[in-house]
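Here's a quick briefing to read alongside the model. Keep the structure open and look for each spot as you go.

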Amino acid sequence: MTDVAHMKWWGWGVEGVGFHHEDKPAFAPFVRKAVGLDVSTPPAPVDDFSSVEVPASRLSDDAHTALTAIVGAGYALTDDLERVVHTYGKSIRDLLRLRAHLLPRVPDVVLYPADEAQVELIVSWAVENDAVLIPFGGGSNISGSLEPPVAEERVIASIDMGRLRKLIEIDEYSGLATFQAGVLGPDLEEQLGARGWTMGHYPDSFTHSSLGGWIATRSSGMQSDKYGDIAEITKGLRVVQPGGTLVIRPIPNASTGPSVREAILGSEGRLGIITEATVQVHRLPERREVIGYLFKDWESALVAMHDISTSDAAPSITRVSDARETGFSFATRKASTGISSKVTAGLMTVLEKRGWDLDEICLSFIGYEGSPSHVARQKSMVGSVIRKHGAVTVGKGPGALYDQKKFDTPYLRDFLLDRGAAADVSETAAPWSKLLPLYRNVRAAADGAYAQLGTEGWIMCHLSHSAHSGACLYFTFAFVHDGVDPIAQYDVVKSAIQSAFIESGGTLSHHHAVGTEHAPWLEADISAPGVGLIQGMFDAIDPGKNLNPGKII
Ligand code: FAD
């Protein structure tokens with residue numbers, strides 16, 4: 001038993017915490033209308049772990065002794081729960097497989113190195129003994145980036161980076177902090193916050209994902225408009241590879257040939273194990289506000305987001321939900337009997353009188369950070385764009401609520417799965433000019449998939465992560481599965497959505513990586529020579545295919 005905490009083996013987050021709807025009166029009718037599910041259906045019980053049959057570890061006693069000599073007693077674990085927790089990430093495919101006890105291949109051993117020297121010894125051991133290594137951060141990916149190849153006959157070791165979680169140093173003058181790569185989001189921000197700094201990277205999975213995992217999947221946080229995606233935040237790296245340790249020094253910009261730093265970003269463990277990263281950090285902002293706005297419809301909201309991104313305002317968050325996701329947000333609000341419900345009702349009456357269709361309203365959150373005068377200036381600039389597009393300001397209340405519940409939403413997926421509905425996400429990015437047609441094509445593709453399955457289904461979307469040339473569209477979809485082969489049904493929907501991304505000029509993923517889940521669309525996205533370039537790198541760095549084989553390509 002190590003002191004590294006893990007999520008539930010069968011779902012998201014920590015034991016004992018889940019989604020509840022009893023205090024949200026609009027939720028049950030919303031779900032009934034959206035996918036025909038009665039949420040009062042008693043939840044299917046999750047099996048006790050003792051009933052799960054786990055394939056035996058293939059690690060020999062001699063190998064176990066050799067690995068224990070590297071990481072220390074109690075840090076080379078072969079028990080079933082450890083190995084199952086390290087088998088998958090947290091996509092709906094993963095959760096369905098876990099609940100159905102589909103575990104054709106699990107790691108044979110889980111190793112917890114304490115420092116880079118131990119990681120180097122593990123990599124050398126793997127090359128000498130022809131074993132497979134799969135680095136593990138928080139286990140939160142949703143792209144099949146961790147799962148062992150089913151046909152793999154060699155010994156497979158999951159390398160849990162959870163003991164490597166220290167802040168090594170801060171170069172305060174340059175705003176650069178060096179961390180060990182296994183540090184999880186809350187721990188990282190706590191160590192920085194104690195010294196007055198922040199990295200500002202807050203993915204929705206923040207509580208259970210790691211710095212190394214973010215880098216290896218090219219993650220994006222909700223404040224990426226200000227702080228950048230992890231690709232921009234990461235300045236320096238140390239990566240243990242079969243041939244030695246790759247060192248990328250933190251330099252603001254370098255003209256040193258094709259970027260090796262960029263090659264490591266998104267490499268999903270295939271180019272080595274990231275042990276340290278130097279990241280850009282910022283002084284904690286004096287003021288932080290998230291303001292809510294309502295748009296008349298999705299079309300005007302998208303144009304407004306474009307206009308904000310090309311203005312000088314530079315807010316920290318630009319996010320707008322389509323009408324369906326807005327309906328979902330309203331449905332997950334707690335019951336309100338006081339003044340706020342009267343204000344909301346009053347506002348809706350005013351908007352209706354102005355000719356707004358209340359079913360088309362789109363809720364937006366814009367974030368502002370910095371000194372009070374900077375925040376005021378940004379708000380005023382955004383305010384003029386908002387007014388130009390006929391939107392109304394609804395103040396700080398909805399933004400504060402969004403801030404509070406953003407890390408709870410992942411629990412909803414388990415709640416739905418307990419009651420027979422499968423839900424997951426697919427996201428993309430495209431130039432501004434392609435976003436609206438892409439959105440329409442994806443909605444049509446999902447509806448076509450639901451019709452093919454003969455089931456009621458739901459798809460909703462928000463725009464986030466704006467850049468000058470375009471933005472990310474993030475789709476959440478759900479349907480009541482047949483209980484016979486929900487994974488095959490999921491494949492029909494997921495595949496329709498992913499294909500629509502590519503056909504409409506979007507990428508296969510803006511920030512969820514390739515893994516095994518998105519690999520079928522890689523060539524269409526980056527062309528055959530692009531795939532060849534990546535394959536060449538993998539072959540050169542890892543000729544023995546010891547590093548997380550089968551991911552990306
Ligand atoms: P893991 O899942 O443990 O690993 C992911 C990949 O990285 C694997 O290939 C693994 O081998 C490799 N890896 C991990 N650590 C290292 C290392 N030290 N060296 C080399 N390779 C390594 N993603 C976002 O970007 N933004 C979001 O807002 C977001 N929200 C999410 C919400 C939910 C509910 C869920 C389930 C997922 C979400 N994700 C999001 C996806 C996921 O959290 C990210 O992909 C995250 O970056 C994975 O980090 P991790 O530490 O959990 O990595």
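D130 sits in the loop between helix 5 and strand 3 (132–136); helices (H or I, at least four residues) and strands (E, at least two) are DSSP runs, numbered from the N terminus. This is a predicted model, where local features need pLDDT of at least 70, side-chain atom pairs count only at pLDDT 80 or more, and totals for chains, interfaces and linings use all residues. Residues are numbered from 1 along each chain as its sequence is written, and side-chain values use heavy atoms, leaving out hydrogens and water.

**Two residues with positive phi**
- Most residues other than glycine have a negative phi.
- D130 isn't a glycine, yet its phi is positive, near 50°.
- D130 counts as partly exposed because its relative accessibility is 39% (buried means under 20% relative accessible area, exposed over 50%, partly exposed in between, with a 1.4 Å probe and protein chains only).
- E268, in the loop between helix 10 (260–264) and strand 10, has a positive phi of about 50° and isn't a glycine either.
- At 5% relative accessibility, E268 counts as buried.

- Five strands form an open sheet in the order 5-6-10-8-9, with antiparallel pairing (two strands pair if DSSP finds at least two bridges between them).
- Strand 5 (167–171) and strand 9 (244–248) are at the edges with a single partner strand each, so one side of each has no neighbour in the sheet.
- Strand 6 (residues 176–180) pairs with strand 10 (residues 273–280) over five bridges, in the antiparallel sense.
- Across that pair, T178 stands opposite T278 in strand 10.
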